[in-house]
Amino acid sequence: MKPVKFSTFLFTMLVGLIFQLYPWSNAGVIIRPDFLLVIMLYWLLQAPYHCNIGWVWFAGLLVDLSTGSLLGQHALTFAITGFLGLIYQRRLVLFNPWQLYLYVIFLFGVQRGLILLLKLFAGSEVPDWTYALPVVSDLILWQCMVIWFGELTRPKKL
């Protein structure tokens, strides 16, 4: 797989921000994936030379500013999720696709759990089971990213 251009990274981030800002309604609000999180996490694992924790934190800050949520809430959870993703970044390429999906589900679940924890600290009520549905749509979007830009590359054998 050839290296990814920085312009591709920026373009996908812009597209993710546009989809994040799109005014979703009805069921779309419930199942809306975290576009920027999925895109940033993909690039963080696929091309860490372009995307780092700072970019992921910045994307989270953009989500905070665009959604009017508590400032720093998404930035913190995106950064923690990105850090957890980077811990095993080198090993992830050795995982089979199902192991990788489980790890990605874990990362998306951690992000949703952290957001829920921060909302509960801020005084919100406990949401119903539909709160976890975006994890499924995040995984579908992850698969789209894999189809469009390729799987995580394995190191070349010497």
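**Helix 5 against helix 7**

Analyst: Helix 5 and helix 7 are roughly antiparallel to each other. This is a predicted model, in which local features need pLDDT of at least 70, side-chain atom pairs count only at pLDDT 80 or more, and totals for chains, interfaces and linings use all residues. Residues are numbered from 1 along each chain as its sequence is written, and side-chain values use heavy atoms, without hydrogens and water.

User: Why are helix 5 and helix 7 called roughly antiparallel?

Analyst: The axes of helix 5 (residues 73-87) and helix 7 (residues 97-121) cross at roughly 150 degrees and come within 9 Å. Axes are lines fitted to C-alpha atoms, for helices over the stretch in contact, with angles from 0 to 180 degrees between N-to-C directions. Angles over 145 degrees count as roughly antiparallel (under 35 roughly parallel, 65 to 115 roughly perpendicular, the rest oblique), so the pair is roughly antiparallel.

User: Which residues of helix 5 and helix 7 meet?

Analyst: Contact means heavy atoms within 4.5 Å. Among those in helix 5 are L76, F78, I80 and L84, and helix 7 brings residues including L107, V110, L114 and K119.

User: What makes the protein's radius of gyration agree with a compact globule?

Analyst: The radius is taken over C-alpha atoms, and the globule rule is 2.2 Å times the number of residues to the power 0.38. For 158 residues a compact globule would have a value near 15 Å, and the protein has 15 Å, so the two agree. The C-alpha trace spans about 55 × 30 × 25 Å along its principal axes.

User: How many helices and strands does the protein have?

Analyst: Eight helices and zero strands, where helices (H or I, at least four residues) and strands (E, at least two) are DSSP runs numbered from the N terminus.
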